[in-house]
Amino acid sequence: MHKLQEHKHVIHVAGTNGKGSTLAMLESLLLAQGDSVFFTSSPHLIKYNERFRYNRHDVKDSLLYEGLEVIRKIIGDTNKDATFIGTKYQYSFFEISIALAFWLAHKTKAKWLLLETGVGGRWDATNVVPSPALTAITPISFDHQSYLGNTLETIAVEKLAIHRKDTPLLIARQDKSLDAFLDRYISIHELTAYRAGKDFHLDTTNWKFHFPAYQIKDLEVSKPNLAGKMQAINLELALACYCTLYEKKELINEQARKQALQEIKWQGRLEYVLPNLLLDGAHNVAGMQSLIDHLKMFHVKHSILFAVSWLERKDIWSCNYDWGDLQIQFAPVLLDSKEAVQKETLCASLEKLPFSFDEPKKTKTFIQEWKEAKHKQYDLLVVAGSLYLLGEWKQQW
């Protein structure tokens, strides 16, 4: 496994929100460049295969099984009937998955390995690559405080720990309260770091990208095919990563760049499954605020039915959101997961919001009602609050 971790073309990304979207954009640009790309992310929505994709396609079951058998042998167990992912081996589900990702990247002979952290960075299972091609940090906000700390600075320290001294570090636009801290951190650790808005920027009035350190000026791109205001921030970081990996003369032409940004595939982030059905993870405060901002921008005149649930360990309602003039009726959903918030907590949390809500229902029941047009008085159905909810929804739809 040590040999697999020495893959020379790893892009390692940490952050609170936007990791998957940023890497999906970079994946599309690298594929347009003619390179092969292995991308590992978490969690999956329906099938485990979704965590591992090669050239934008989920890996096949047969390759997964082959890789899992290799990992089993590395662990030292040859009993095929034993529970593989569980307490027997004292390895977490995520640790096994990342070990498998390294093996799959090696097996597919991918030029690039796009590696997304699970929680934090310092102690994350992904933080074992000695010399990645580059590291990047997406926007940092509050999430997993019980593991990472209760201030933005302590959370940032954990995520920034993926840096390597001789590896470029690219940092997306952050909360302004982190500015001075980031400057100190970069100076103390003597990092080769570039910050969005300071060292590189994307002008969304004309969709031109600038990165003076790499002689990039007026690089023409296009608005990506992913919905949401935050995607411009993610694209800015993805373009910085792309321009760091290649010299200016090697970049694909304008037409190819723009085409690549219309071919991005990423599920569950402001995903319009139908014109009147919107799915979004929104599993932390920053994600929920981003969703609310999107609804205020595009759906303020619509009546909205908001199907919602979340995990017990999450506190997405700790923020006093600005709902504006949105017209919302909440529909609490009871998830089939031991980690999901229970009915009493669901209702108690929603009672604090300035909207009414229906009686909680199972996902399957709610979907059936929607398909039978029992909620036809609403213009838009939003399903959000947890990627686990989105997984259940997609599986049972």
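The exercises below, each with a worked solution, concern the predicted model shown above.

Residues are numbered from 1 along each chain as its sequence is written, and side-chain values use heavy atoms, with hydrogens and water left out. Because the model is predicted, local features need pLDDT of at least 70 and side-chain atom pairs count only at pLDDT 80 or more, while totals for chains, interfaces and linings use all residues.

**Exercise 1. Helices H1 and H7**

Task: State how the axes of H1 and H7 are placed, and which residues meet.

Solution. 

Step 1. Identify the elements. H1 covers residues 19-32 and H7 covers residues 231-245. Helices (H or I, at least four residues) and strands (E, at least two) are DSSP runs, numbered from the N terminus.

Step 2. Take the axes. They come within 8 Å and cross at roughly 45°. Axes are lines fitted to C-alpha atoms, for helices over the stretch in contact, and angles run from 0 to 180 degrees between N-to-C directions.

Step 3. Name the arrangement. Angles under 35 degrees count as roughly parallel, over 145 as roughly antiparallel, 65 to 115 as roughly perpendicular and the rest as oblique.

Step 4. The crossing of H1 and H7 is right-handed. A crossing is left-handed if the near helix is turned anticlockwise from the far one by less than a right angle, and right-handed if clockwise.

Step 5. List the residues in contact (heavy atoms within 4.5 Å). From H1, Ser21, Thr22, Met25, Leu26, Leu29 and Leu30 take part; they meet Gln231, Asn234, Leu235, Leu237, Ala238, Leu239, Cys241, Tyr242 and Leu245 of H7.

Step 6. Sort the residues by class. The contact of H1 with H7 has eleven nonpolar, four polar and no charged residues. Ala, Val, Leu, Ile, Met, Phe, Trp, Tyr, Cys and Pro count as nonpolar, Asp, Glu, Lys and Arg as charged, and the others, Gly among them, as polar.

**Exercise 2. Helix H12 and what surrounds it**

Task: Describe the crossing of H11 and H12, then state what the buried residues of H12 pack against.

Solution. 

Step 1. The axes of H11 (residues 363-371) and H12 (residues 387-396) come within 10 Å, with a crossing angle of roughly 55°. That makes H11 oblique to H12.

Step 2. H11 and H12 cross in the right-handed sense. Thr363, Lys364, Phe366 and Ile367 of H11 meet Leu389, Glu392, Trp393 and Gln396 of H12. By class, this contact of H11 with H12 has four nonpolar, two polar and two charged residues.

Step 3. Buried means under 20% relative accessible area, exposed over 50%, and partly exposed in between (1.4 Å probe, protein chains only). In H12, the residues Leu387, Leu389, Leu390, Gly391, Glu392 and Trp393 are buried.

Step 4. The buried residues of H12 pack against H11 and against the strands S13 (277-280), S14 (303-308), S15 (327-334) and S17 (380-384).

Step 5. At the start of H12, a side-chain oxygen of Ser386 reaches to within 3.0 Å of the backbone nitrogen of Tyr388.

**Exercise 3. Two residues with polar contacts**

Task: Which side chains make polar contacts with those of Ser97 and Gln329?

Solution. 

Step 1. A polar contact is a pair of N or O atoms within 3.5 Å; within protein, one must be able to donate a hydrogen and the other to accept it, and residues adjacent in sequence count only if both atoms are side-chain atoms.

Step 2. Ser97 lies in helix H3 (residues 93-108) and is buried, with a relative accessible area of 2%. The side chain of Ser97 is joined to that of Tyr48 by a polar contact of 2.8 Å. A polar atom of the Ser97 side chain also lies 2.9 Å from the backbone oxygen of Phe93.

Step 3. Gln329 is in strand S15 and counts as buried at 13% relative accessibility. The partner of the Gln329 side chain is the side chain of Ser356, at 2.5 Å.

**Exercise 4. Backbone angles**

Solution. 

Step 1. Most residues other than glycine have a negative phi, and most peptide bonds are trans.

Step 2. The bond from Ser42 to Pro43 is cis, with omega near -5°. Pro43 is in the loop between strand S2 (37-40) and strand S3 (52-54).

Step 3. Glu190 has a positive phi near 50°. Glu190 is exposed, with a relative accessible area of 54%.

Step 4. Gln215 has a positive phi of about 55°. Gln215 is exposed as well, at 55% relative accessible area.
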